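Please look over the sequence and the model below before reading on.

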Amino acid sequence: IDRRYTLEEIRYSPTVRERMRSVDLDSISFETGSWDIPPDQASKLQVIADGLNKAISRNPQAVFLIEGHTDAVGSDVDNLSLSDRRAQSAAELLTQQFNVPPENLTSQGYGEQYLKVQTDGPSRENRRVTVRNITPLLNGGTALPPPPPGTAPPRR
């Protein structure tokens with residue numbers, strides 16, 4: 001990663017986001033038109049929450065992007081709003097139930113822009129939430145916090 005990116009650049013540039021691996025939370029299945037995470041599926045986020053909390057304990061300034069997605073059913077505007085709500089719902093659950101600090105999470109919905117399965121019809125696989133560690137993008141290539149202003153970066 002050749003430079004630091006702003007949060008806005010990361011949110012709105014798929015080529016920037018793709019530089020970081022992502023994890024689809026396949027344990028969550030959203031119903032059509034819904035952003036609710038059923039209680040029986042919420043507990044399945046424990047493993048993800050544990051990983052996030054471990055990473056945050058190593059670097060309290062780590063930032064994770066929670067991405068919401070929809071299938072291709074419905075209008076673009078409705079899907080964008082729905083995907084935002086899905087991402088926010090997952091972020092709130094991680095914070096409230098699993099104590100992931102809210103300041104380490106940011107969320108963004110992408111509607112039907114990035115389908116996992118290319119179909120015009122309903123698709124449970126496309127109604128998903130994805131988590132991505134964006135700390136290296138924000139810090140210009142390192143997962144550690146940026147150095148204080150006026151200090152030289154560590155040699156590699």
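## Basis and confidence

This is a predicted model, in which local features need a pLDDT of at least 70 and side-chain atom pairs count only at pLDDT 80 or more, while totals for chains, interfaces and linings use all residues. Residues are numbered from 1 along each chain as its sequence is written, and side-chain values use heavy atoms, with hydrogens and water left out.

The protein chain has an average pLDDT (the predictor's confidence in each residue, from 0 to 100) of 90, and 90% of the residues score at least 70. Over residues 151-156 the pLDDT is below 50, and beyond near neighbours in sequence this stretch has three contacts in the model (contact means heavy atoms within 4.5 Å).

## Sheet and helices

Four strands form an open sheet in the order 1-4-2-3, with mixed pairing; strands (E, at least two residues) and helices (H or I, at least four) are DSSP runs numbered from the N terminus, and two strands pair if DSSP finds at least two bridges between them. Strand 1 and strand 3 (105-109) are the edge strands, each pairing on one side only. Direction ignored, neighbouring strands of this sheet are turned by 20° against each other on average.

Strand 2 (residues 64-68) pairs with strand 4 in the antiparallel sense over five bridges, and Leu-65 stands opposite Arg-132 in strand 4. Helix 4 packs on the sheet, where it touches strand 1, strand 2, strand 3 and strand 4, and its direction makes about 150° with that of strand 2. Helix 5 (residues 76-98) also packs on the sheet, touching strand 2, strand 3 and strand 4, with its direction at about 160° to that of strand 3. Such angles run from 0 to 180 degrees between N-to-C directions, on axes fitted to C-alpha atoms, for helices over the stretch in contact.

## Largest pocket

A pocket is an open set of points on a 1 Å grid over the protein atoms alone, where a 1.4 Å probe fits, with protein on both sides within 12 Å along at least five of seven lines; lining residues have an atom within 4 Å of a point. About 390 Å³ of space lies in the largest pocket. Of its 18 lining residues, Leu-52, Ala-55, Phe-64, Arg-132 and Asn-133 are the closest to the centre. Strand 1 (22-24), helix 4 (46-58) and strand 4 (129-133) each give two or more residues to the lining, and helix 4 provides the largest share, six residues.

Technical notes:
Grid points are joined across faces, edges and corners, and a volume is the space filled by probe spheres set on the points.
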